[in-house]
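Student: I'm new to this one, so could you pick out the sheet and take me through it slowly?

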Amino acid sequence: MKVNTASEPSLLAATGLTRTYRGGKGVFDISLKLASGEVLGLMGPNGSGKSTLLRVLATAASPTAGRVSWFGNPDPRLPSVRRRLGVMLDQAAHFDKMTGYQNAWFFARQFGLAPEHARDRLEELFRWSGLWEARDQLVGEYSLGMKRKLNLVEALVHRPSILLLDEPTLALDYRAELDLIERLQLLSLTGTAVLLATNDVHLAERICDRVIFLHRGRAIREGHVPELLTELAGTKEVQLQMNSPIPLESLRSLPAVEAANVDGDTVHIVLARGANPAQVLSVLNGTADLVSNMRVRRPNLGDLFLKLTGEALPVARR
Amino acid sequence: MMLAGSIWQRELVEFAQRRRALIIKLAFPLLVGIPLVTAAPPFYAGLSLTMLIAIIGTLGAGAVLTRERQTGLDLRYRTLPVTPGRLLIERLSTSASIDLLQVTPVLLLIGLRHPSQFAWWPALLLSTAAVLLLGNLIGAVASTLSDSPGEVMLYVFIPLLPLLYLSGVFTPLSQPVLLVISRLLPFSYLHESLLGALAGQPNLLPWETLLGSFGFLVGAAGLTGRLGRLVTESD
């Protein structure tokens with residue numbers, strides 16, 4: 001994939017980054033740059049390498065090959081580098097025998113906040129996240145959503161220059177998701193660079209400046225969100241909810257169909273420009289009662305991914 | 001509410017908050033130690049207490065680190081702005097200090113039962129600290145090979161039992177080669193200081209045991225720092 005050649009100085013840059021695990025999985029030859037105030041999305045299905053890539057960029061794992069630099073520095077173990085990173089990994093890991101506030105206090109102090117600043121910042125963030133009332137509760141008693149919110153508080157508390165967030169909206173309610181989007185937009189305006197690993201196409205379209213599609217560990221496409229969406233202009237996405245399976249090959253062979261895939265009981269079809277959604281029904285050959293629901297909508301980044309890879313992004317869970 | 005801003009403080013706060021574990025941890029060595037110190041012959045008491053202290057040291061950190069790998073906490077530690085060496089030294093020295101607190105009632109009991117052996121007390125304290133820190137380090141390294149706390153037990157006992165044998169803990173060593181080997185192992189100094197403090201028949205003088213224990217304590221601290229990356233960054 002091409003390195004972004006944007007003129008702004010990069011806070012984070014990776015060249016030819018590879019991280020492999022036993023069994024051959026991992027990420028391969030990834031190059032990217034992240035500038036101040038930029039929001040970059042990493043998108044791909046489960047197992048595509050998003051979390052692996054984010055772990056390396058968050059200094060939680062070392063690359064097998066390639067180079068990464070943070071603020072121009074290639075050493076991931078430098079405390080001065082890590083102090084400027086805010087990290088939320090895929091696992092909501094905490095010290096379960098300590099309260100939410102004790103956990104957050106520990107991370108705030110570790111990342112260099114003075115006690116009086118830690119107190120003020122934590123109160124603001126605990127109130128913002130809705131965890132204030134549960135601050136003295138043991139984390140072991142928290143729900144997954146509360147643990148994820150606590151992860152966000154801990155990632156944000158020291159006002160990092162780069163935020164690296166893995167599925168930040170996972171397990172959040174809609175209100176919390178909106179609050180998070182608003183905060184990330186605000187942080188981005190004030191110069192914080194944000195790297196998001198997400199399957200949530202709506203989140204990506206709403207806040208990402210650029211996205212990188214990952215497929216089987218490789219970056220298959222990168223671009224600014226409006227440009228990527230332009231590629232789908234004039235096309236439509238048809239979703240057929242099926243009572244029983246239908247052969248995808250016959251759907252894919254239709255000239256009107258650019259891509260088709262199945263996710264659970266729903267068939268996702270990207271229609272070519274000018275194609276009529278009714279054309280896909282012809283494949284059903286008079287057995288339209290197999291379809292329990294049909295939706296036609298504006299295509300999104302998930303449809304572009306489907307078009308590029310033939311695989312659907314999983315539906316974002318809340 | 002107790003707040004912890006540093007790694008060692010956090011370990012202590014969590015330990016203090018786990019009341020049931022705290023009581024069990026403090027009571028268990030005493031339950032084993034009381035009959036040994038008050039009634040057993042010094043050689044058997046020294047043998048059993050050396051094993052007890054070595055096991056307490058090796059299992060504590062090993063089990064915790066393996067559990068952290070399973071929950072993903074190890075990754076969170078890796079992103080903290082501290083070097084791997086400092087991280088491991090801070091964690092293992094705190095864990096060893098907690099272990100030392102755990103065996104302190106037994107050491108006090110030995111002092112009360114044999115007050116005339118006070119010349120051995122500094123050596124006993126230092127050799128206990130050295131074995132606990134080295135034990136924690138062995139457990140930490142074993143955790144990098146293990147997927148569960150049970151597996152850690154297996155991996156620490158495999159080297160521990162022959163090392164205890166070679167230290168002369170199970171049978172008195174007479175062959176010169178074995179005697180030299182025993183002096184290269186920290187458990188022999190703990191065993192010697194226990195024999196001395198229990199009014200048994202040690203082969204070394206108190207100051208020799210003190211010196212050897214000091215060397216192992218310093219060596220253990222240095223080795224812990226060197227192995228920081230191996231332990232904290234192992235997948």
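Tutor: Let's start with one pair of strands: S6 (residues 162-166) and S7 (residues 193-198) of chain A run parallel and are joined by five bridges. Within that pair, A:Leu164 sits opposite A:Leu195 of S7(A). A word on terms: helices (H or I, at least four residues) and strands (E, at least two) are DSSP runs, numbered from the N terminus, and two strands pair if DSSP finds at least two bridges between them. This is a predicted model, where local features need pLDDT of at least 70, side-chain atom pairs count only at pLDDT 80 or more, and totals for chains, interfaces and linings use all residues. Residues are numbered from 1 along each chain as its sequence is written, while chains are lettered from A and ligands numbered from 1 in the order in which they are written.

Now step back to the whole sheet: it is open, with six strands of chain A in the order S5-S6-S7-S3-S8-S9 and mixed pairing. Strands S5 (85-88) and S9 (218-224) of chain A are at the edges with a single partner strand each, so one side of each has no neighbour in the sheet. From one strand to the next, the twist averages 15° (axes are lines fitted to C-alpha atoms, for helices over the stretch in contact, and angles run from 0 to 180 degrees between N-to-C directions).

Helices lie across these strands too. Helix H11 (residues 301-309) of chain A lies across S3, S8 (210-215) and S9 of chain A, at about 40° to S8(A). Contact here is when the C-beta atoms of two residues, placed from the backbone, lie within 7 Å.
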